[in-house]
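Below are some notes for a colleague who wants to check this model before using it.

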Amino acid sequence: MNKAFVRVWLRRAGWAAAVLLIVFVAWGYMFMPGMLMNAVNRATSHGPYAVSEPAQTLHNRLHVADLHCDALLWCRDLLKRDTRGLVDVPRLIEGNVSLQVFSAVTRMPLLSSFTSTRNVGDVLMPLVYFQGWPAATWFSPRERALYQAGVLDKDAQASNGLLTILRTKEDMDRYLERRKENPKITAGLLSIEGLHALEGDLENVRVFFHAGYRMMSPSHFFDTEVGGSAQGLEKGGLTDFGKRVIKFMEQLHITVDLAHASPKLFDDVLDIASRPVVVSHGGVQGACNNARNLSDDQLRRLAQNGGLAGIGFWNMATCGEDVDSILRAIQHAVAVAGVDHVALGSDFDGATRAPFDASGMALLTQGLMQAGVPEADIAKIMGENAFRVLRENLPSEKDSSSIPQPQ
Ligand SMILES: [Zn+2]
């Protein structure tokens, strides 16, 4: 084979590779995020949902709150009603959801497993890149969290009062006052899933506070510098750095979220917590037995702490894909922890499949009614408990002006 022949074919191969790369990048920009979002976030049924009149009447009187969704990860306009994903502002308002916690996911390892996830690779990088997030976010979990807070901020500002972000007790009080006049509005509270986002720097707790974050979980799918994950390799407890992080979060009035925490981390945090904690989204082993879900002992400890178990809507949390599975998990949690310590944590848009989207929350009210749960208890589970605990933990406006130093 002569050299000229090889050169011609190498050049052709180079051109073919360049064309393929361009096609891949164009596909990535145009279709990849939408295809992925559609593939991983699904509702088994779509609205309008059939809800009886008495159930709808009761539901309309409730302050419904959901402690977790991952909608900020997906670049779509949350102010527009979408058929993709499970939550946006119009669907929250349709579902009479008064408060939605919006969580920032900032890193997902390449091979996430339910029992032992190694922190290697980052599947979010191509998603972040193709969604056109700023270059600073391509490799930095901290920047990804800050960017997502900015997105919700802009949405709230552009919403004509339809979406309010709650950062202080007074924000919540004013919002609830306003909602008495006009129930067709909703609110958001910012949280972070996994404190690898601190990038090892305690000072970033304050940076996140200033960005509006009021809830954070020490770990997500993998062990972090703060503490172990139920799905991590070591599943360790709270580290020395983690203790300082938890103390500083409490000083700043940021709610500690123990979703995804290893059992050891769960115990270590509750040993030192001086405020109520939440487990924003998950299930209970009494209704669906796996390592990610809360044991009865953990439910009792949460109740002693004054905290909340936010019951998830997806298969791994409830061992089912219907409303009844969610109800079973709620009822077990109520039986063990007491009705004051149970809330909702849908995990909408968290790569999950749910029986309904945010517009169908009245199905849960209906299910609880049919199960004979008293109205006052339904009100607590559907949101009053969440409002109580979050309000207790939120800073008041005077606290925010004198932010303490980390110890
Ligand atoms: Zn999660």
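1. Overall make-up. The protein has 16 helices and eleven strands, where helices (H or I, at least four residues) and strands (E, at least two) are DSSP runs numbered from the N terminus. Its radius of gyration is 22 Å, close to the 22 Å that the globule rule gives for 407 residues, so the protein is as compact as a globular protein of that length; the radius is taken over C-alpha atoms, and the rule is 2.2 Å times the number of residues to the power 0.38. Along its principal axes the C-alpha trace spans about 85 × 50 × 45 Å.

2. Basis of the notes. This is a predicted model, in which local features need pLDDT of at least 70 and side-chain atom pairs count only at pLDDT 80 or more, whereas totals for chains, interfaces and linings use all residues. Residues are numbered from 1 along each chain as its sequence is written.

3. Burial and contacts. Of the 407 residues, 49% count as buried; a residue is buried if 20 or more other C-beta atoms lie within 10 Å of its own, exposed if 12 or fewer, and partly exposed in between, with C-beta atoms placed from the backbone. Among contacts between residues at least 6 apart in sequence, 74% join residues at least 24 apart, a contact being a pair whose C-beta atoms, placed from the backbone, lie within 7 Å.

4. A nonpolar core is a set of buried Ala, Val, Leu, Ile, Met, Phe, Trp, Tyr and Cys residues joined through C-beta atoms within 7 Å. Of the 110 residues in the largest such core, Tyr213, Ala309, Ala333 and Val342 touch the most other members. Helix H13 gives the most to this core, with nine residues. Not counting residues up to four places away in sequence, Ala333 touches Val284, Leu299, Ala309, Ile311 and Val342. H13 covers residues 323-337 and reaches 21 Å from its first C-alpha to its last, close to the 21 Å expected at 1.5 Å a residue, the expected span being 1.5 Å times one less than the number of residues. Because 13 of its 15 residues are buried, H13 is largely enclosed by the rest of the structure, and just after this helix Gly338 takes a positive phi of about 95°.

5. The bend in H15. Helix H15 (residues 375-393) has 19 residues and reaches 26 Å from its first C-alpha to its last, close to the 27 Å expected. Where does H15 bend? The bend, of about 60°, is at Ile381, and is the angle between axes fitted to the seven residues ending there and the seven starting there. Ile381 is itself buried, and the buried residues of H15 also include Lys380, Met382 and Gly383. I would ask that the span and the bend be read side by side.

6. Parallel strands. Strand E5 (residues 186-193) is joined to E6 by four bridges, and the two run parallel; strands pair if DSSP finds at least two bridges between them. The bridge partner of Glu193 is Ser217 in E6. Five of the five residues of E6 are buried, so this strand is largely enclosed by the rest of the structure. Four bridges likewise join strand E2 (residues 64-69) to E3, again in parallel, with Ala65 opposite Leu99 in E3. Strand E3 (residues 97-105) is mostly covered, nine of its nine residues being buried.

7. The loop from E6 to H9. Asp223 lies in this loop and counts as buried, with 24 C-beta neighbours inside 10 Å. Its C-alpha is 7.0 Å from that of Glu234, eleven residues apart along the chain. Leaving aside neighbours within four places in sequence, Asp223 is in contact with Gly228, Ser229, Gly232, Leu233, Glu234 and Gly236. Lys235 lies in the loop between strand E6 (213-217) and helix H9 (240-251), and its phi is near 55°, a positive value in a residue other than glycine.

8. His253, in the loop between H9 and strand E7 (255-256), has a positive phi of about 65° although it is not a glycine, and is buried, with 20 other C-beta atoms within 10 Å. Lys169 lies in helix H7 (residues 169-181) and is also buried, with 20 other C-beta atoms within 10 Å. Not counting residues up to four places away in sequence, Lys169 touches Arg391, Leu394 and Ser396.

Conventions: Two residues are in contact if their C-beta atoms, placed from the backbone, lie within 7 Å.
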